[in-house]
Amino acid sequence: MVVGECWPTMDLLRSEPMQLVQLIIPIELAHRSITYLGELGQFQFKDLNAEKSPFQRTYAAQMKRCGEMARKLRFFREQMSKAGLFPSTKSVTSDDIDFDNLEVKLGELEAELIEMNANDEKLQETYNELLEYKLVMQKAGEFFSSAQGRAAAQQRELEAHHSGEGSIDSPLLLEQEMITDPLKQVKLGFVSGLVPREKSMAFERILFRATRGNVFLKQSVVEDSVTDPVSGEKVEKNVFVVFYSGERAKNKILKICDAFGANHYPFTEDLGKQFQAITDVSGRLSELKTTIDVGQVHRSNLLRTIGYQFERWNFLVKKEKSIYHTLNMLSIDVTKKCLVAEGWCPVSATNQIQNALQWATADTNSQIGTIIQVLQAKESPPTYFRTNKFTCAFQEIVDAYGVAKYQEANPGVYTVVTFPFLFAVMFGDWGHGICLLLATLYFIIMEKKFSFQKLGDIVEMTFGGRYVIMMMALFSIYTGLIYNEFFSVPFELFGPSAYDCSDLSCRDASTTGLIKVRATYPFGVDPKWHGTRSELPFLNSLKMKMSILLGVAQMNLGIVLSYFNAKFFGNDVNIRHQFVPQMIFLNSLFGYLSLLIIVKWCTGSKADLYHVMIYMFLSPTDDLGENQLFFGQKFLQIVLLLLALVAVPWMLFPKPFLLKKQHEERHQGQSYGRLDSTDDPLEMELHDPHGHDEFEFSEVFVHQLIHTIEFVLGAVSNTASYLRLWALSLAHSELSSVFFDKVLLLAWGFNNVIILIIGIIVFICATVGVLLVMETLSAFLHALRLHWVEFQNKFYEGDGYKFCPFSFALLSEEDE
C-alpha cells in the first residue's frame with residue numbers, strides 16, 4: 001500500500017485552484033480535440049447555447065444518429081436478455097470499426113434480427129395452432145368414438161329386446177320405426193376447439209343463455225398447459241365440442257368463442273379421416289419443430305456474435321454521443337470557421353490540456369491549431385478535490401450535506417478521523433469491532449473482482465464505503481479496549497485487576513469490600529469494575545464526560561475553521577468579527593465545564609459538577625465548599641460568567657455597524673476607479689462600483705440578531721446533542737450484556753447439548769442482526785448527524801457545485 005495513494009493529503013483541505021479558459025478551435029479540429037479532452041478528463045465545458053433547444057443546435061443531426069444507434073443497441077440487449085445471453089465483458093481483439101461503418105452494421109444486424117424474429121413468431125404460431133388442433137382431434141375423437149360405441153350397444157340391446165319379448169304392440173311400434181323416413185331425421189352440427197379453463201364455466205353459461213338451452217356442450221380437461229397461438233403464453237385449457245342445430249345457432253356459437261378467446265378448429269366424424277388427419281398433423285409438427293430449432297440456433301449464434309462486440313460498440317456510441325453533445329455546447333463562428341468553447345479546468349492541468357490539443361492538431365495535419373486563453377471569471381469556480389479510493393467515501397459523506405464553495409475549508413479532511421472515532425465511541429466493543437473488520441477486509445481483498453460486478457443496492461453501498469467501515473472497525477477495537485468489553489465481557493488483557501475482595505462481603509457486586517492490592521490497570525477500564533454496581537456510575541461518568549469533551553473540542557474546531565475561511569480565503573469578511581465573541585461565549589461556559597472534568601479526573605475529587613455549573617448562574621458569589629476543585633475557582637467563575645454575558649452583545653452590535661461603515665466608504669469612492677486589475681475576488685467585490693443595492697441597516701441588524709440567538713441556543717443544544725455518544729454507547733453495552741447473560745449463559749446453565757446449540761444460534765443471530773447491523777447503522781447515522789449539524793454548521797456553507805469534467809471514464813451504462 002502506497003501512502004501517497006491511500007491516505008489523505010493537504011490537497012483535500014482546499015479545492016484545487018481553477019481557471020476559466022476559452023478555446024478557439026478550428027472546425028476541422030473540433031471532433032478530434034474534444035475526443036482528446038474527453039480522454040484527459042480535466043475540462044468542464046460551459047453551455048454557450050443554453051437559449052437554444054436541442055433541435056436548433058449545430059450537431060442535432062449527429063445526435064439523432066447516435067440516439068438511433070443507441071436504440072438499436074438497447075434492442076440487441078433486450079433480445080440477448082430474452083435469450084438468456086449476456087454481453088461479454090472480455091475485450092475482443094479485432095480491428096477498430098469506424099463510426100459510419102458501425103452505423104451500417106447495426107442497421108443490417110437489426111434488420112436481420114427483426115426478420116428472424118418475425119419468421120420465428122410465424123412458425124411458433126403455426127406450431128402452436130397445429131398442437132392445439134392435434135389435441136382437439138384426440139380429445140374430440142374420444143367423444144365421438146365413445147358416443148358411437150354407446151349407440152351401437154343400445155342398438156344391439158334394442159334388437160335383442162324385440163326378438164326375445166314379442167307382444168301385440170311390438171310389431172306396430174317396430175313397423176312405425178321402420179317406416180320412419182331417414183331423410184326427415186334432424187342432422188346436428190358441432191363446433192370444436194379449446195377454451196381457457198378459467199373461462200370455461202362462464203363460456204358454458206353464455207352458450208346456454210344465448211341459444212336458450214338448444215345446445216349440448218361436452219368438455220375435457222387438457223392435463224398440461226398449452227401455449228396459446230395468439231398471446232404466446234402458457235395457458236391451462238379445456239377441449240370442448242358444442243352440438244347445435246341450425247345455422248343461426250352456429251353463428252352465435254362462433255361469436256361467443258371469439259369473445260372468450262376460444263380457438264375453434266375443424267373436425268370430421270369419420271374415424272378413418274381422423275386418424276389420417278392426426279398423422280398428417282404430427283408430421284407437420286415434427287417438420288416445424290426441426291425448422292424452429294434450426295432458426296433458434298442461428299438466432300442464438302447471431303446474438304452471441306453481437307454479445308462479443310456489444311460492450312465495445314456500446315461504449316463507442318456513448319463516446320460519440322457525448323462528443324456531439326459537448327460540441328453542441330460550443331458557439332460557432334461561421335465567418336472564421338471555428339468553434340468557441342469556454343470552461344473550467346484546474347490550473348495544474350493547463351499543460352496537459354495544451355498537449356492534448358497539440359496532439360489533435362498533429363493527428364489531423366491541420367495548419368492552424370487551437371488557441372487557448374485564460375479569461376477573468378466573474379462567477380464562482382467549481383470545487384474540485386483530488387480524492388483516491390480511501391478518501392473518496394469520506395468526501396461523499398460531506399458532499400451529501402453540500403458541496404464546498406470554491407476554496408472553502410473541506411470538512412472531509414477531519415471527517416477521515418473524527419467520523420470513525422465518534423462512531424467508535426458509540427460502538428465500543430473490540431469483539432464486535434473485530435467482526436466488523438473481518439467483513440470489511442473481505443471486501444478490500446476482493447475489491448478488484450467486485451469492482452467489475454453488478455452488486456445489489458445494499459452490498460454495493462457497503463462495498464463503496466469499505467474503507468470507512470474499516471476505519472470504524474479499527475477505532476471500535478481501540479475504544480472497546482478502553483471500555484474493556486469483548487461481547488460485553490471484560491478481560492484481563494494487560495495484566496491482573498488492581499482490586500480484589502478483602503472478604504466475602506464484596507461477592508454481591510458491591511464496592512464496599514474492594515481494596516487496591518496492586519498497581520493500576522495499565523490500559524482501559526479495570527476489569528473488576530465490570531459486573532459490579534460500581535460499573536454504572538464509573539462507566540457512565542467516563543462516557544458522558546468524554547462525550548462533552550469531544551463535543552466542545554469539535555465545536556471549537558468548527559469556529560476556528562470559520563475564522564480561517566474568512567481570513568485567508570475571503571469567504572465572508574465579517575465572520576472575523578464574530579470569532580472572538582463566539583470563542584469567548586462557548587469556552588466561558590462549556591470550555592470551563594471541560595476544564596472541570598479534566599481537573600476532577602486528575603485530582604480524584606468528588607465534587608458535584610452539576611451543582612457547580614447550576615449555581616455558577618444562580619449564585620455566583622456563594623462559597624463552593626466541598627465542590628471547589630482548585631484555588632481561585634470562584635473568582636474565575638465570576639469572570640467567565642461576565643465574559644459570557646459580554647460576548648452576546650459583542651456578537652450582536654459591532655457587525656451591523658461595521659457593514660454600514662464599509663458600505664459608506666465603498667460608495668464614497670464610486671466616482672473613482674482603479675486602473676490596475678486584480679486577481680483577488682474579494683478586492684474586485686470591494687471596488688466594484690456597480691451591483692450594490694441600497695443598504696438596509698434594520699434588515700442587517702435583525703439578521704444579525706437571529707444569528708446571535710441561533711449561536712447562543714445552538715451552543716447549548718449542540719453540546720447536549722453530543723451526549724448521544726454516551727447514550728448510544730450505553731445502549732450498545734446493555735444490549736450486548738443482555739444477549740450474553742440471558743441467551744448464552746442461560747443456555748449454558750441447562751447442561752443440555754440441544755439447548756446449548758439453540759442458545760448459540762440465537763446468540764449469533766442476535767449479535768449479527770441487532771448489534772452488527774442495526775446498531776452499526778444507528779451509530780453511523782448519529783455520527784453523521786453530529787458532523788452535519790453540530791460540527792459543519794459552525795463553518796461550512798456547502799453551497800458550491802462540483803467540478804464535473806467531460807471525461808469518457810465517467811460514462812456509465814445508464815447514460816444513453
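Author: A salt bridge is a side-chain nitrogen of Lys or Arg within 4 Å of a carboxyl oxygen of Asp or Glu. The model discussed here is predicted.

Reader: Lysine 634 meets which side chain in a salt bridge?

Author: The cut-off is 4 Å from nitrogen to carboxyl oxygen. The pair has an N to O distance of 3.6 Å. Lysine 634 sits in helix 19 (residues 633-652), and its partner lies eleven residues away, in the loop between helix 18 and helix 19. The partner is aspartate 623.

Reader: Is aspartate 623 buried or exposed?

Author: Over 50% relative accessible area counts as exposed. Aspartate 623 has 69%, so the label is exposed.

Reader: And what is the relative accessible area of lysine 634?

Author: Lysine 634 is classed as partly exposed. That class lies between 20% and 50%. The value for lysine 634 is 30%.

Reader: How many salt bridges does the count give?

Author: The rule is the 4 Å one. Among the pairs that meet it are arginine 197 and glutamate 236, at 3.5 Å. Arg65, Asp100 and Glu103 are linked in a network of salt bridges. The count comes to 19.

Reader: How many residues in sequence separate arginine 197 from glutamate 236?

Author: The closest N and O atoms of arginine 197 and glutamate 236 are 3.5 Å apart. Arginine 197 lies in the loop between strand 3 (189-196) and helix 6 (200-210), and glutamate 236 in the loop between strand 6 (234-235) and strand 7 (237-244), so the pair ties together parts separated in sequence by 39 residues.

Reader: Which residue forms a salt bridge with aspartate 363?

Author: The closest N and O atoms of this pair are 3.4 Å apart. Aspartate 363 is in helix 9 and the partner in helix 2, so the bridge ties together parts 331 residues apart in sequence.

Reader: How are helix 2 and helix 9 oriented to each other?

Author: Two packed helices are described by the angle between their axes and the distance between the axes. For helix 2 (residues 27-40) and helix 9 (residues 350-364), the axes are 9 Å apart and the angle is about 140 degrees. Roughly antiparallel needs over 145 degrees. The pair is therefore oblique.

Reader: What is the handedness of that crossing of helix 2 and helix 9?

Author: The angle is about 140 degrees. The crossing is right-handed.

Reader: Which residues form the nonpolar patch on the surface?

Author: Together the members have about 570 Å² of accessible area. One of them, isoleucine 614, lies in helix 18 (residues 609-618). At 48% relative accessibility, isoleucine 614 is partly exposed. The members are Tyr610, Ile614, Tyr615, Phe617 and Leu618.

Reader: How far apart are the C-alpha atoms of phenylalanine 45 and cysteine 804?

Author: Phenylalanine 45 belongs to strand 2 (residues 44-45). This residue is buried, at 9% relative accessible area. Along the chain, phenylalanine 45 and cysteine 804 are 759 residues apart. Their C-alpha atoms are separated by 8.8 Å.

Note on methods:
Residues are numbered from 1 along each chain as its sequence is written. This is a predicted model: local features need pLDDT of at least 70, side-chain atom pairs count only at pLDDT 80 or more; totals for chains, interfaces and linings use all residues. Side-chain values use heavy atoms; hydrogens and water are left out. Patches are made of residues with over 30% relative accessible area and no salt bridge: like charges are joined within 9 Å, nonpolar side chains (Val, Leu, Ile, Met, Phe, Trp, Tyr) within 5 Å. Accessible areas come from the Shrake-Rupley method with a 1.4 Å probe; for residues, only the protein chains shown count as cover. Helices (H or I, at least four residues) and strands (E, at least two) are DSSP runs, numbered from the N terminus. Buried means under 20% relative accessible area, exposed over 50%, partly exposed in between (1.4 Å probe, protein chains only). Axes are lines fitted to C-alpha atoms, for helices over the stretch in contact, and angles run from 0 to 180 degrees between N-to-C directions. Angles under 35 degrees count as roughly parallel, over 145 as roughly antiparallel, 65 to 115 as roughly perpendicular and the rest as oblique. A crossing is left-handed if the near helix is turned anticlockwise from the far one by less than a right angle, and right-handed if clockwise.
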